[in-house]
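Please keep the sequence and the structure at hand while reading.

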Amino acid sequence: MTSFNPLKNREGTYSLKWQKYANKDILPLWVADSEFECADAIKSALTNRVEHGVFGYHNPYQYEPGLAAIKRWLLKQYNWQVETDWIVWTPGVVPAFNMMCDAFGNGSEHDKTGVLVQVPNYPPLLNAPNMNGLLQETVGTTLVNGRWTLDFDELEKKAAKPSTRLFLMCNPMNPCGTVFSHEELLEVERICLEHDVLICSDEIHADLILNENKSHIPAGTLPKVGDKVVTLMAASKTFNVAGFGVSFAIIKDPDIRRRFKRAGQGIAPSANIFGVIATTAAFIDCDGWYSQQIEYLKQNQQMVKRCLDKIPNLSYHMSDATYLAWIDCTSLNLDDPHAFFESIGLGLSPGRDFGWPQFVRLNFACSSELLNVALERLMTGLKTLTP
C-alpha cells in the first residue's frame, strides 16, 4: 500500500511551487502539481535510463513501448481505441494549444481569427489567443444546481461570429473541476459543427475523476466531429511528472495533424526521453498507485469540504474532478482575497489570474497532515475578519 502522507522535503529542488514562498511562512497550495512522490515503477524506469549514461537526441516515435502505453491507457480508461499514427508527442499541453492557435489562427488586423475560451480558466489557456495575436472570445461559466457548467447560449452566440474558428475547451474544467456530461458534449459538438468551429480539448486532468458517478468522455470520441478534434492529454498531473514537460495529442484527421505538427517545427522541441519513459511506466505499471491516489484525493477533498461548510462567508461546490478547489470569497467583501490568504499563511492561486477576482484556487494534492495545517490556518485567519 502506497503512503501519500509523508511530506517530501523539496528544498534544493527549485520547485516552482515552493520557491515562490521560500523565505516566508506561507504554505504553497497554488500551482497544479502534487506533493506526492511518484510511483516506484516510474522511478525505476528513469533510474535504468540514467544508468545507461548517454543522453543524445532520440526519436520518441520509434519508442514503440511509449506508443503502446498510450494506446493501452486510453483503451482502459475510456474504451477509446486509437491508432498509432494519431498520436503526436508534444513538449507539454501549454505549447500544444499554442501550436493550435498558430496552426489555425490568422493574426491579420483585418481578418483576425476569433478563439473561444471558457472563463474562468487557468492562465496559460485563458491567455493563449492574445499571446498569438488572435481575438479572444470568452464564454462564461454558470452555476446550475450547485454545478459549474458552460453558458451554452453564449457559446452559440460567440461561435456564430464569422471570425470564430477555434474553441480551446478545458475538460475537466480547470479551475471549476466539472466533468462535461455526454449531453453537454453533444451540445458543444452541435454548436461547433453548425458554425464550423474546430475543437481543441485540453484534457490534462481527465484521469483525476473523484466523483465515482462521473466518467470522462474524450472529445475525440464525439460521433460527428471527433475525427477532427485535437485532444490534448498527459500523464503529468495524474502521476506528478509535470517537470519533464511531455504530453501528447490525439489527432485522427491527417491534414489537421500535419498542420499541427508544422506549427511546432523549429519552436517546440521533441518530447524528451525522460518524459516519454515516465509516461510509459505510468500508463503500464502504475494502475495500483493510481487507484490509491484517487482514494487519497477523495479523502482530502472531503476534508476541504467539511472545513469550508463551517464558514458561511466562503462557498465551495465540490467538483467532479481535479485536485483543485475553486472557492468563492465574494461574501468576505475583500478587495484582494488572495492577498488576505497570503497574510494568514496560505499561498493560493489568485482568482484574478483565471478571470474571476473574487475567487481563489486551493490545491489539495498534498499530505493530509499538511492540508490539515492549511485548513486550521484558514479557520483561525478568518476569525480576524470578524467584527
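Phe239 and Trp289 are both buried, where buried means under 20% relative accessible area, exposed over 50% and partly exposed in between, with a 1.4 Å probe and protein chains only. The model is predicted, so local features need pLDDT of at least 70 and side-chain atom pairs count only at pLDDT 80 or more, while totals for chains, interfaces and linings use all residues. Residues are numbered from 1 along each chain as its sequence is written, and side-chain values use heavy atoms, with hydrogens and water left out.

**Aromatic pairs**

- Rings of Phe, Tyr and Trp (its six-membered ring) pair if their centres lie within 6.5 Å, with planes under 30 degrees apart counted as stacked, over 60 as edge-to-face and the rest as tilted; by this rule there are 21 aromatic pairs.
- The ring centres of Phe55 and Phe274 are 5.6 Å apart and their planes stand at 50 degrees, so this pair is tilted.
- Phe55 belongs to the loop between α2 (40-52) and α3 (64-78) and Phe274 to helix α10 (residues 273-285), so the pair ties together parts that are 219 residues apart in sequence; helices (H or I, at least four residues) and strands (E, at least two) are DSSP runs, numbered from the N terminus.
- Phe55 is partly exposed, at a relative accessible area of 44%.
- For Phe239 and Trp289 the ring centres lie 5.8 Å apart with the planes at 25 degrees, so the pair is stacked.
- This pair links distant parts of the chain, since Phe239 is in helix α8 (residues 236-239) and Trp289 in helix α11 (residues 287-309), 50 residues apart.
- Both of these residues also belong to a cluster linked by ring pairs, which consists of Phe4, Phe36, Trp73, Trp89, Phe239, Phe248, Phe283, Trp289, Tyr290 and Tyr296.

**Charges over rings**

- The charged end of Lys76 sits over the ring of Trp73, 4.5 Å from its centre, where a charge sits over a ring if NZ of Lys or CZ of Arg is within 6 Å of the ring centre and within 35 degrees of the ring normal.
- Lys261 lies over the face of Tyr61, at 5.2 Å from the ring centre.

**Strand pairing**

- An open sheet is formed by four strands in the order β10-β11-β14-β13, with antiparallel pairing; two strands pair if DSSP finds at least two bridges between them.
- At its edges are β10 (315-316) and β13 (349-350), each of which pairs on one side only.
- β13 runs antiparallel to strand β14 (residues 359-363) and is joined to β14 by two bridges, with Ser349 having Arg361 as its bridge partner in β14.
- Strand β8 (residues 230-233) points Val230 and Leu232 one way and Thr231 and Met233 the other way, and all are buried.
- β8 pairs with β7 in the parallel sense over three bridges, and with strand β9 (residues 247-251) in the antiparallel sense over four bridges.
- Thr231 is the bridge partner of Ser201 in β8, and Ile250 is the bridge partner of Thr231 in β9.

**Cavity and pockets**

- On a 1 Å grid over the protein atoms alone, a cavity is a set of points where a 1.4 Å probe fits but cannot get out, and a pocket is an open set with protein on both sides within 12 Å along at least five of seven lines, while lining residues have an atom within 4 Å of a point.
- There is one cavity of 30 Å³ or more, and the largest cavity has a volume of about 50 Å³, a volume being the space filled by probe spheres set on the grid points, which are joined across faces, edges and corners.
- The lining of the largest cavity includes Trp73, Phe248 and Phe283, and α3 gives its largest share, three residues.
- The largest pocket has a volume of about 1,100 Å³ and is lined by 46 residues, of which Ala32, Asp33, Asn240, Ala242 and Gly243 lie nearest its centre.
- α4 gives the most to the lining of the largest pocket, with three residues.
- The second largest pocket holds about 330 Å³ of space, and of the 15 residues that line this pocket, Asp196, Val197, Leu198, Lys228 and Ile256 are the closest to its centre.
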